[in-house]
Every structure is written in structure tokens, then in C-alpha cells.
Amino acid sequence: MYPWLSGQEQQLTALIRQQQLGHALLLKGVEGIGKRALAAALAQALLCQHTNVADNKQGVACIHCHSCQLIKAGNHPDLHVIGGQQQRSIGVDAIRQLTQVLSESARLGHGKVAIIEQADKMTEAAANALLKTLEEPAGEATLLLTSAHPERLLPTIRSRCQQWLLPVPESDVVLRWLSGLGLESNLAALNVNQGSPLGTRDYLAAGTDKRRRELLQQFGQLAQLPQTLTSVQSGLLEQPVHLLWLQLLLQDALQLALGLSSTGLRLADSEDLCRALSQRGPEKLRQALTSLLQLRQILQPGAGRPVNAGLQLGQWLNDWLINIS
Ligand SMILES: [Zn+2]
């Protein structure tokens with residue numbers, strides 16, 4: 001288990017051992033915190049044939065029993081997983097199929113477990129179909145729901161689940177874990193990934209941290225090198241998160257422009273750049289930030305009418321150049 005989740009796993013498996021885990025658990029936590037791994041571990045603990053024996057003080061799965069072996073092989077007949085990253089939405093048919101299967105008796109006689117990953121992707125019809133099962137749990141079935149956006153779930157779904165919030169892990173725990181993976185990490189990388197450990201891992205492994213520093217450096221030199229405007233513009237448009245990088249940079253610059261201390265800078269590895277930008281003064285930075293926030297808002301996928309992102313950002317960059325000249 002990931003180091004920041006091992007305490008959570010122990011608490012939850014203790015509940016399983018004491019038979020105090022409800023029939024539906026909602027694991028809430030930011031994207032990339034490891035909800036899937038935790039749900040899988042809990043499913044195994046629930047289905048393991050040795051979890052409840054008296055000498056098993058931890059309630060953890062044994063790894064050796066028939067049930068654990070089937071899980072390892074990926075074909076346990078009483079474990080059902082739906083949802084997840086690959087799916088745009090979870091439809092009513094998938095939920096109906098699942099509830100049907102859960103109503104049948106367990107093949108191995110040790111209960112049934114269903115994992116619904118990214119449960120907030122359920123359509124309204126799907127959520128309503130699930131409600132019935134949540135109200136009248138079918139036999140020995142346990143439902144494990146995961147969500148990074150629990151506010152998008154029907155309130156009736158949330159209220160029928162035992163809710164379990166996984167807190168954003170301490171940064172030093174994550175940084176230690178990342179360096180254990182051989183990845184050169186820093187707090188700024190974690191901040192641009194909003195504290196998400198697995199998100200930061202993928203970001204570092206893809207070499208994206210270098211790209212961030214390059215792009216922001218290029219942005220910082222725009223006034224001296226206005227001919228790079230097009231390349232800065234296309235760089236910022238590559239991924240929606242690139243505008244977040246820019247936002248954090250300007251926020252840091254504003255913090256310095258206001259004469260506040262440099263501790264707590266989000267992009268501490270770009271302090272020189274922030275300091276240079278802070279010379280523009282708090283007023284101009286605040287203006288630029290306000291319009292950047294608006295820009296991010298309207299460029300959000302699903303924010304309504306389609307907008308020409310290139311045009312909008314080009315306008316913002318032109319305003320910035322005029323602003324700072
Ligand atoms: Zn076992």
C-alpha cells in the first residue's frame with residue numbers, strides 16, 4: 001500500500017475485522033491519491049477466507065487462500081469492478097447488471113464485493129438504479145465506491161454510504177516516496193499537481209517538470225523577446241494545466257510584489273523568475289491574474305459555448321505585454 005494510505009488501510013481493515021464496515025463505503029479523495037489501490041485491498045480483505053479467523057489481528061488479507069489467489073489472478077467470481085478512467089460515464093445497464101449479479105449468492109460463500117470506481121460518472125438513471133441496492137443490501141454484498149468529486153454524486157447516494165475521506169498526504173511523505181522511485185522531485189512539482197502523489201509521479205516520469213520550467217522562463221522573457229510570443233502562446237495552450245502553471249507563477253510574483261515573505265511560494269524553484277516579475281508591481285499583476293482566472297474559467301471543457309482558445313489567450317498575452325511595457 002502507498003505509505004500515505006497504510007494508516008487508512010489499517011483503520012478500515014480493523015472495521016472489517018470487527019464487522020463494523022457498512023454495506024456501502026464511499027472513498028473520497030483527490031485524483032491520484034490511490035483510491036483504487038485502497039478499494040482493491042479492502043475488497044481482498046473482505047473476500048479473503050482467513051480475514052476473520054481469530055488469530056488474524058490485523059484483518060488484512062492472507063495472500064495464500066483460494067480467494068486471495070483468485071484475486072491475484074484477476075478472476076475472483078465474487079469481485080466485480082466497474083467504472084474507472086477509461087469510461088466516460090457509467091450507464092444504467094452496467095448498474096442493473098451489477099445489482100443483478102450482487103443479488104445472487106456468493107460463489108465462494110464468502111460474500112460479494114463490487115467496486116464502482118469514479119462513481120460520480122454514474123448517469124442519473126444509473127445512480128437511481130443503484131439507490132435500491134443501497135437501501136436494501138442484497139445478501140452479503142459490500143459496495144465500495146470511489147470518487148474525487150463526491151459533490152457530483154446524488155445526495156441520496158452519499159447519505160446511504162459510509163463516507164471515508166482520504167486527506168491529501170503530507171508533502172514530505174510523498175516527496176520521500178517519489179525519490180524512492182528514483183524520481184527527482186520538488187515541492188513545486190507537487191504543488192502544480194495539487195498534492196496528488198500519483199499525478200506528480202506520472203508528471204515527473206513524463207519529464208513534464210522540465211517543460212514547466214522552460215515554458216515559464218520563456219513567458220518571463222516575453223518583454224525582452226516579443227518574437228517568442230507565438231511559441232509561448234502555443235506552449236500555454238498545449239494542456240489546460242499549463243495555464244495553471246502560469247497562474248501559480250503570477251500568484252507567487254504577486255505575493256513578492258506585496259512585500260510578503262518568499263516562504264510558501266508555490267513554485268519555489270522559480271523564485272528568481274517570480275522576483276523579476278514582481279517588479280511589475282502588485283496592481284498590474286493583480287489585473288493579469290484576474291483576467292487569467294476568467295480565461296481559465298471560460299476555457300474549461302464543458303463551460304458552455306465553444307471559444308477560440310488561441311484567440312482568447314493571444315489577447316491576454318497582448319494585454320500583458322502592453323501592461324508591462
Ligand atoms: Zn486470503
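**Aromatic pairs, a zinc site and a helix packing**

The structure, a predicted model, holds seven aromatic pairs.

Colleague: How is the aromatic pair of Tyr-203 and Trp-245 arranged, edge-to-face or stacked?

Modeller: Tyr-203 and Trp-245 form an edge-to-face pair, with 6.4 Å from centre to centre and 80 degrees between the planes.

Colleague: And which parts of the chain does that pair link?

Modeller: It links distant parts of the chain, since Tyr-203 sits in helix α9 (residues 197–205) and Trp-245 in helix α12 (residues 240–257), 42 residues apart.

Colleague: Is Tyr-203 buried or exposed, and what about Trp-245, buried or exposed?

Modeller: Tyr-203 has a relative accessible area of 7%, so this residue counts as buried, and Trp-245 is buried as well, with a relative accessible area of 1%.

Colleague: What about Phe-219 and Trp-320, and why does that pair count as stacked?

Modeller: The ring centres of Phe-219 and Trp-320 are 5.2 Å apart and their planes lie at 25 degrees, and because planes under 30 degrees apart count as stacked, the pair falls in that class. This pair, too, links distant parts of the chain: Phe-219 belongs to helix α10 (residues 208–220) and Trp-320 to helix α15 (residues 309–324), 101 residues apart. Both Phe-219 and Trp-320 are buried.

Colleague: Which residues form an aromatic cluster?

Modeller: Tyr-2, Trp-4 and Trp-177 form one aromatic cluster.

Colleague: Back to α15, then: at what angle do α14 and α15 pack?

Modeller: Helix α14 (residues 282–299) packs with α15 at an angle of about 180 degrees, and the two axes are 11 Å apart. Because angles over 145 degrees count as roughly antiparallel, that is how α14 runs relative to α15.

Colleague: Which residues make the contact?

Modeller: On the α14 side the contact involves Lys-284, Leu-285, Gln-287, Ala-288, Ser-291, Leu-292, Leu-295, Ile-298 and Leu-299, while α15 contributes Ala-309, Gln-312, Leu-313, Trp-316, Trp-320 and Asn-323.

Colleague: Changing topic, which residues coordinate the zinc ion?

Modeller: The zinc ion is coordinated by the SG atoms of Cys-48, Cys-62, Cys-65 and Cys-68, at 2.3 Å. In sequence, these donor residues follow the spacing C-x13-C-x2-C-x2-C.

Colleague: Why is the arrangement called tetrahedral?

Modeller: The four donor atoms around the zinc ion subtend angles of 104 to 119 degrees, and the arrangement is tetrahedral because all of these lie between 85 and 135 degrees. For comparison, the ideal angle for four tetrahedral donors at a metal is 109.5 degrees.

Colleague: Are Cys-62 and Cys-65 buried or exposed?

Modeller: Both Cys-62 and Cys-65 are buried.

Key: Residues numbered from 1 in each chain as written. Predicted model: local features only at pLDDT ≥ 70, side-chain atom pairs only at ≥ 80, totals over all residues. Heavy atoms only, no water. Donors = N, O, S within 2.8 Å, 3.2 Å for Na, K, Ca; no water. Tetrahedral: all angles 85-135°; square planar, octahedral: opposite > 155°, others 65-115°. Buried < 20%, exposed > 50% of the residue type's maximum accessible area, 1.4 Å probe, protein only. Phe/Tyr/Trp six-rings, centres within 6.5 Å; stacked < 30°, edge-to-face > 60°. Helix = DSSP H or I, 4+ residues; strand = E, 2+ residues; numbered from the N terminus. Axes fitted to C-alpha atoms, helices over the stretch in contact; angles between N-to-C directions. Parallel < 35°, antiparallel > 145°, perpendicular 65-115°, else oblique. Contact = heavy atoms within 4.5 Å.
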